[in-house]
Amino acid sequence: MSHPMKLAPIAMVLVGSMGLGGCATKSFVREQVATVNQRVDALDAKLQTTDGTAQQALAQAQSAAGQAQNNGQRLDQLNARVDGVEQQMREAKTKRARN
């Protein structure tokens with residue numbers, strides 16, 4: 001009979017500790033939520049900054065790609081003109097050699 005009597009105080013302590021530690025107060029929850037909200041707000045601000053930087057980089061890259069395409073077209077035109085001048089020089093040289 002002494003065995004169940006020893007378990008009774010232990011059982012009472014366990015039941016009591018479960019009852020006391022099971023609930024969080026409203027102020028504790030509000031503090032935790034406020035902390036999380038601050039972190040979310042900070043991350044959102046960083047995300048907005050990063051998004052703005054990415055958009056700016058994209059616009060610059062698109063502008064550079066357009067400029068590179070224009071430069072490529074200009075080079076193609078210049079190459080065609082140089083080819084024409086070289087052809088004229090060859091023809092003139094050939095005419096001089098015949099005379």
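The model is predicted, so local features need pLDDT of at least 70 and side-chain atom pairs count only at pLDDT 80 or more, while totals for chains, interfaces and linings use all residues. Residues are numbered from 1 along each chain as its sequence is written, and side-chain values use heavy atoms, with hydrogens and water left out.

The protein chain has two helices and zero strands (DSSP runs numbered from the N terminus, with H or I over at least four residues for helices and E over at least two for strands). Of its 99 residues, 0% count as buried (under 20% relative accessible area; exposed is over 50% and partly exposed in between, with a 1.4 Å probe and protein chains only). The accessible surface comes to about 9300 Å², 60% of it belonging to carbon and sulfur atoms (Shrake-Rupley method).

One salt bridge is present, that is, a side-chain nitrogen of Lys or Arg within 4 Å of a carboxyl oxygen of Asp or Glu. Arginine 90 pairs here with glutamate 86, their closest N and O atoms being 3.9 Å apart. Both partners lie in helix α2, four residues apart, about one turn of the helix. Arginine 90 is partly exposed at 46% relative accessible area, and glutamate 86 is partly exposed at 38%.

Helix α2 (residues 26-98) also holds valine 29, which is partly exposed at 40%. Together with Phe28 and Val33, Val29 forms a nonpolar surface patch of about 240 Å² accessible area (residues with over 30% relative accessible area and no salt bridge, nonpolar side chains being joined within 5 Å and like charges within 9 Å).

Notes
Accessible areas come from the Shrake-Rupley method with a 1.4 Å probe; for residues, only the protein chains shown count as cover.
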